[in-house]
Amino acid sequence: QVQLVESGGGLVQPGGSLRLSCAASGSIFSINAMGWYRQAPGKQRELVAHITSGGSPNYADSVKGRFTISRDNAKNTVYLQMNSLKPEDTAVYYCNLDIVTLERGYGMDYWGKGTLVTVSL
């Protein structure tokens with residue numbers, strides 16, 4: 001079994017910063033790609049940032065230059081540093097990890113439960 005625990009969401013003023021974390025635990029052999037998605041009220045879930053097993057990141061155009069994704073393989077953790085936050089960044093943020101478990105031997109997508117980020121005065 002695998003568990004994902006997200007943390008770091010909250011209320012922040014426009015222009016502020018937050019750092020999200022997503023830690024995986026359980027019967028993990030390895031983790032391939034890691035990513036962050038978000039879903040705003042009334043909108044579809046969208047990819048925010050993605051990082052490969054080799055550490056290559058890519059970003060949605062709307063967050064380029066403001067958000068940074070990183071990973072700590074030793075801790076099975078992915079981070080999202082969010083700077084210069086805007087009201088339109090308000091959403092529930094979900095981590096998504098492609099995890100190879102000891103039992104399965106191949107990758108499978110796991111999702112966090114989501115953490116709410118609210119950008120408002």
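**Before you start**

Residues are numbered from 1 along each chain as its sequence is written. Because the model is predicted, local features need pLDDT of at least 70 and side-chain atom pairs count only at pLDDT 80 or more, while totals for chains, interfaces and linings use all residues; side-chain values use heavy atoms, with hydrogens and water left out.

**Stop 1: a run of strands**

Select residues 28-39, which form strand β4, and residues 46-51, which form strand β5. Strands here are DSSP runs of E with at least two residues, numbered from the N terminus. β4 and β5 pair in the antiparallel sense over five bridges; two strands pair if DSSP finds at least two bridges between them. Now pick W36: its bridge partner in β5 is A49. Six residues sit between the strands in this hairpin, and G42 there takes a positive phi near 75°.

The hairpin of β5 and β6 has five residues between the strands, and G55 takes a positive phi near 95°.

**Stop 2: D89**

Move to D89, in the loop between β8 (77-82) and β9 (91-101). Is D89 buried or exposed? D89 counts as buried because its relative accessibility is 1%; buried means under 20% relative accessible area, exposed over 50%, and partly exposed in between, using a 1.4 Å probe and protein chains only.

Show the side chains of D89 and R38: they make a polar contact at 3.0 Å. (A polar contact is a pair of N or O atoms within 3.5 Å; within protein, one must be able to donate a hydrogen and the other to accept it, and residues adjacent in sequence count only if both atoms are side-chain atoms.) Leaving aside neighbours within four places in sequence, D89 is in contact (heavy atoms within 4.5 Å) with R38, R66, F67, S84, V117 and V119.

**Stop 3: S62**

Select S62, in the loop between β6 and β7. S62 counts as partly exposed because its relative accessibility is 40%. Which side chain does the side chain of S62 meet in a polar contact? That of R38, at 3.4 Å. S62 and D89 are 27 residues apart along the chain, yet their C-alpha atoms are separated by 9.0 Å.

**Stop 4: the largest pocket**

S62, R38 and D89 are among the residues that line the largest pocket, and others to select include Q39, K43, E46, R66 and E88. The lining divides into two nonpolar, four polar and six charged residues.

**Stop 5**

Most residues other than glycine have a negative phi. Pick N76, in the loop between β7 (67-72) and β8: its phi is near 50°, a positive value. Then pick S84, in the loop between β8 and β9, where phi is also positive and near 50°. N76 is partly exposed because its relative accessible area is 22%, and S84 is partly exposed because its value is 40%.

**Last stop: T115**

Finish at T115 in strand β11, residues 115-119. T115 counts as buried because its relative accessibility is 12%. Leaving aside neighbours within four places in sequence, T115 is in contact with E6, G9, L20, A91, V92 and Y93.

Key
Helix = DSSP H or I, 4+ residues; strand = E, 2+ residues; numbered from the N terminus. 1 Å grid on protein atoms, 1.4 Å probe; cavity = no way out; pocket = protein on both sides within 12 Å on 5 of 7 lines; lining within 4 Å. Nonpolar A, V, L, I, M, F, W, Y, C, P; charged D, E, K, R; others polar.
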